[in-house]
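The following dialogue takes up, one feature at a time, how a two-chain model may be read.

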Amino acid sequence: MLQYTSNEGLDSSHFFITTLADNICILAFKKLEEEEISFNNDLLQNNVMEMMVVKSGIIGENFCKELSKTIKVLFDRVLEEKPGLIIYISVDEGSLKHQLIKRYVDNDVNDHFNILSFKAAGKVFVFFLNSQKTNVVKSYVALVNYFEDEYGIEFEEEF
Amino acid sequence: MDNKFNNKGMSFVPKKEVSEEAKLKLNKLAESKKEYLSKLVEDYRAGKLIHQKS
């Protein structure tokens, strides 16, 4: 686990992680305002926080093993602690960040964490929920309605 | 496992081809995220993001 400092609030939280190479990686969780994304649904508007990761001063998307582990520990803590929270991440399909998310999901041991992933136009929109604190079915219905109303996209399960 | 998340998650794809209008809107969303990330780094470097605890 790498060292970090944090700045945590109700509408946004930032974690400043110091990597082994002494660089800073910022992990941010931010509530989405209606002017950014209007879900037209209280459950989503009140509970979705976007998660973003950016490295200060370094170009590239690669993450060392220790950094990946630290991000996962902080992610788990946030999703475990905040009631009703839905963590949203958008990435380019097939990108390093997308591969990292898939690795996190495949190796995750938190059986109460659920993931709803929507792929469209070369992008992937991933929503993480804690099924002990968030109604997964209601969230799924609200997300399907959002994509249909906002983008005219009807989704079906990927097989 | 290649095309689908494990059994704790579900993955969805569009039933039909995504319209050009929807693609533009989705790209715009991605652009605004990039702008936010740039600002986040700028704010960090300028000392505007305060570390509260470790």
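**Reading the model**

A:N40 is partly exposed, with 13 other C-beta atoms within 10 Å. This is a predicted model.

Q: Where is A:N40 found, and what is its phi?

A: Most residues other than glycine have a negative phi. A:N40, although not a glycine, has a positive phi of about 55°. The residue is found in the loop between β3 and α1 (42–47) of chain A.

Q: What is the phi of A:A121, and where is its place?

A: A:A121 also belongs to the residues other than glycine, and its phi is positive, near 50°. Its place is in the loop between β6 and β7 of chain A. A:A121 counts as partly exposed because it has 19 C-beta neighbours inside 10 Å, and a residue is buried if 20 or more other C-beta atoms lie within that distance.

Q: In what order do the strands of the open sheet run?

A: In a regular strand the side chains alternate between the two faces of the sheet. Here nine strands form an open sheet with mixed pairing, in the order β1(A)-β2(A)-β3(A)-β4(A)-β5(A)-β7(A)-β6(A)-β1(B)-β8(A). The edge strands, β1 and β8 of chain A, each pair on one side only. From one strand to the next, the twist averages 25°.

Q: How do β1(A) and β2(A) pair, and through how many residues does the hairpin join them?

A: The pairing of β1(A) with β2(A) is antiparallel and extends over five bridges.

Q: How many bridges join β8(A) to the strand of chain B?

A: Three bridges join β8(A) to β1 of chain B, residues 9–14, and the two strands run antiparallel. One of the residues concerned is A:E156, whose bridge partner in β1(B) is B:V13.

Q: Which helices lie across strands of chain A, and at what angles do they run?

A: Helix α4 of chain A, residues 136–151, lies across β5 (86–92), β6, β7 (123–130) and β8 of that chain, and runs at about 15° to β6(A). Helix α1(B) lies across β3, β4, β5, β6 and β7 of chain A, running at about 55° to β4(A).

Q: What does chain B contain, and what span does its helix reach?

A: Chain B has one helix and one strand. The helix, α1 (residues 20–45), has 26 residues and reaches 38 Å from its first C-alpha to its last, close to the 38 Å expected at 1.5 Å a residue. Just after α1(B), B:G47 takes a positive phi of about 75°. Of the 54 residues of chain B, 7% count as buried.

Q: Is B:K34 buried or exposed?

A: B:K34 has its place in helix α1 of chain B. The residue is exposed, because 11 other C-beta atoms lie within 10 Å. Its C-alpha atom is separated by 25 Å from that of B:F12, 22 residues apart along the chain.

Q: How many residues are in contact between the chains, and which element of chain A gives the most?

A: The size of an interface is often given as the accessible area lost when the parts come together. Counted by contacts, 37 residues of chain A meet 34 residues of chain B. On the side of chain A that touches chain B, β6(A) gives the most, with eight residues. By class, that side has 16 nonpolar, ten polar and eleven charged residues.

Terms used:
Residues numbered from 1 in each chain as written. Chains lettered and ligands numbered in written order. Predicted model: local features only at pLDDT ≥ 70, side-chain atom pairs only at ≥ 80, totals over all residues. Contact = placed C-beta atoms within 7 Å. Helix = DSSP H or I, 4+ residues; strand = E, 2+ residues; numbered from the N terminus. Nonpolar A, V, L, I, M, F, W, Y, C, P; charged D, E, K, R; others polar. Pairing = 2+ DSSP bridges. Expected span 1.5 Å × (residues − 1). Axes fitted to C-alpha atoms, helices over the stretch in contact; angles between N-to-C directions. Buried ≥ 20, exposed ≤ 12 C-beta atoms within 10 Å, placed from the backbone.
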